[in-house]
Amino acid sequence: MEIGASEHGDTASAALLRGAGLRVTSPRHAVVEALREGSHASAEELYAHVARHRPETSLQSVYNALGDFVDAGLVRRIEPAGRPRLYELRVGDNHHHAVCTSCGAVADIECATGVAPCLVPADTAGFVIRTAEVTYWGLCSACAARANGSAASTAVADTAHFSDHP
């Protein structure tokens, strides 16, 4: 069901959809709103958000909307190895991502050189390279702090243990 201007007004989400050449439907509008609130979200996370506000929307509708958005260039899909696909509204630049190997947090990382593609292969195998996708893996600051705190606690416990035995 297409939404008229009266139901959602000329919201930024509706304008974004129309600007991408997409009809403004209730599920699409709800998915764009969910993406505005949570970047780097999986389809299931977006569905959970949408279902709280529009319980009549199905998971399949969310997947359909995301597929349409990706095809229209409105949304970027990222696929970190071993993780569900994630979606974000930030498109049109050549940014990369950092993924925490402990908690799964994802952060945007600016392009290494600022020019697309930021990595130029020695041999393109005949391809015309337009973008490079880089994923950095490591610990986010919160997980790194927990790991350092845990390591410090273990070191103190080990030192105490060894000092008991001359």
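**Layout and confidence**

Modeller: Read from the N terminus, the elements of the protein follow the order α-α-α-α-α-β-β-β-β-β-α. Helices (H or I, at least four residues) and strands (E, at least two) are DSSP runs, numbered from the N terminus. This is a predicted model, in which local features need pLDDT of at least 70 and side-chain atom pairs count only at pLDDT 80 or more, while totals for chains, interfaces and linings use all residues. Residues are numbered from 1 along each chain as its sequence is written, and side-chain values use heavy atoms, with hydrogens and water left out.

Colleague: Which element of the protein has the highest mean pLDDT?

Modeller: pLDDT is the predictor's confidence in each residue, from 0 to 100. Its mean over the protein is 83, and 81% of the residues reach 70 or more. Among the elements, the lowest mean, 46, belongs to helix H1 (residues 5-8), and the highest, 97, belongs to helix H5 (residues 59-72).

Colleague: What percentage of the 166 residues of the protein count as buried?

Modeller: Buried means under 20% relative accessible area, exposed over 50%, and partly exposed in between (1.4 Å probe, protein chains only). Of the 166 residues, the buried part is 31%.

Colleague: Why do the buried residues of H4 line one face of the helix?

Modeller: The buried residues of H4 are Ala 43, Leu 46, His 49 and Val 50. The arc is taken from the directions from the helix axis to the C-beta atoms. Seen down the axis of H4, these buried residues line one face because they fall within an arc of 130 degrees.

Colleague: Which elements are among those that cover the buried residues of H4?

Modeller: An α-helix has 3.6 residues a turn, so residues three or four places apart point the same way. The cover over the buried residues of H4 includes H3, H5 and strand S2 (86-88).

**Strand pairing**

Colleague: Which residue of S5 is the bridge partner of Ala 98?

Modeller: Two strands pair if DSSP finds at least two bridges between them. Strand S3 (residues 96-100) is joined by four bridges to strand S4 (residues 106-109), in the antiparallel sense, and Ala 98 has Ala 107 as its partner in S4. S3 and S5 are parallel and also have four bridges; in S5, the partner of Ala 98 is Tyr 136.

Colleague: Which residue in the turn of the S3 and S4 hairpin has a positive phi?

Modeller: S3 and S4 form a hairpin with five residues between them. The turn residue with a positive phi, of about 85 degrees, is Gly 104.

Colleague: How many of the five residues of S3 are buried?

Modeller: S3 is largely enclosed by the rest of the structure. This follows from the number of its five residues that are buried, which is four.

**Backbone and cysteines**

Colleague: Is Ala 125 buried or exposed?

Modeller: Most residues other than glycine have a negative phi. Ala 125, in the loop between S4 and strand S5 (135-138), has a positive phi of about 55 degrees although it is not a glycine. His 40, in the loop between helix H3 (26-37) and helix H4 (43-53), has a positive phi of about 60 degrees and is buried, at 12% relative accessibility. Ala 125 has a relative accessible area of 59% and is exposed.

Colleague: How many disulfides does the count come to?

Modeller: A disulfide is a pair of cysteine sulfur atoms within 2.5 Å. The sulfur of Cys 103 has its closest cysteine sulfur in Cys 100, at 3.7 Å, too far for a bond. Cys 140 is in no disulfide either, with the nearest cysteine sulfur, that of Cys 143, 3.6 Å away. The count of disulfides is zero.

Note on methods: Contact means heavy atoms within 4.5 Å.
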